[in-house]
Amino acid sequence: MGLIHIYCGNGKGKTTAALGLALRAAGSGMKVHFVQLLKGGKTSELESLSLIPNISVDRSNKNYGFTFKMSDDTKTQLIQCHNVLLKRAYELMNGGTIDMLIIDEFNAAYEYNLLDRNLADQIITMKPQKIELVLTGRNPQPKFIDVADYVSEINPIKHPYSCGQKARKGIEF
């Protein structure tokens, strides 16, 4: 039976935790589909994921930038992109071809209305029993926490960013 996982909080490591679970699942023979919302730039994990036969990745091929800097037109384009990614994930989830679905930055995209909330809700409420569903991102809705089986909150105690350190390739991206 598949369960629902949420990795949330303000700390670094939500995506990293989900990727670790994907690696473990793929190593056991499970088929994993990894969807990345709000991220379109090149990130180092994509290179590693492409080498693992049991993991497929779906994300935007365009970097839309930070949400607070987006124009209304850019937000509309991003919403359309996210909805395509979610529809494909929904179809795979219900098609019997995957065992685990990870939607990175799901909570943030949901909070900022950057996706079709009805479709997002359906992914959770209509999840087939065998599917393991993993959602990451800050500020999950209380209704998602209520239905989740695992909720892990990652909070920063100390981070070099607060001292002016820029993101480093292979560590933060």
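I take buried to mean under 20% relative accessible area, exposed over 50%, and partly exposed in between, with a 1.4 Å probe and protein chains only. I note that this is a predicted model, in which local features need pLDDT of at least 70 and side-chain atom pairs count only at pLDDT 80 or more, while totals for chains, interfaces and linings use all residues. Residues are numbered from 1 along each chain as its sequence is written, and side-chain values use heavy atoms, with hydrogens and water left out.

**Entry 1: the sheet**

I looked up the strands (DSSP runs of E, at least two residues; helices are runs of H or I, at least four residues; both are numbered from the N terminus). I count two strands as paired if DSSP finds at least two bridges between them. The order β3-β2-β4-β5-β1-β6 describes an open sheet of 6 strands with parallel pairing. At the edges I find β3 (55–59) and β6 (150–153), each with a single partner strand, so one side of each has no neighbour in the sheet. From one strand to the next, the twist averages 15 degrees.

**Entry 2: strand β2**

I find 5 of the 5 residues of β2 (residues 32–36) buried, so the strand is largely enclosed by the rest of the structure. Val32, Phe34 and Gln36 point one way, and His33 and Val35 the other way. I traced 5 bridges from β2 to β3, where Arg59 is the bridge partner of Gln36. Another 5 bridges pair β2 with β4 in the parallel sense, and there Met100 is the bridge partner of Val32.

**Entry 3: salt bridges**

I use salt bridge for a side-chain nitrogen of Lys or Arg within 4 Å of a carboxyl oxygen of Asp or Glu. The structure holds 6 of these salt bridges. In one of them, the closest N and O atoms of Lys39 and Asp104 are 2.9 Å apart. Lys39 lies in the loop between β2 and α2 (45–49) and Asp104 in strand β4, so the pair ties together parts 65 residues apart in sequence. Lys39 is partly exposed at 23% relative accessible area, whereas Asp104 is buried at 0%.

Lys39 also meets Glu105 in a salt bridge (3.7 Å, N to O). I place Glu105 in the loop between β4 and α4 (106–111), 66 residues from Lys39. Glu105 is buried, with a relative accessible area of 16%.

I then looked up Asp121 and Lys143, whose closest N and O atoms are 3.3 Å apart in a salt bridge. Asp121 is in helix α5 and Lys143 in helix α6 (residues 142–147), 22 residues apart.

How values were computed:
Axes are lines fitted to C-alpha atoms, for helices over the stretch in contact, and angles run from 0 to 180 degrees between N-to-C directions.
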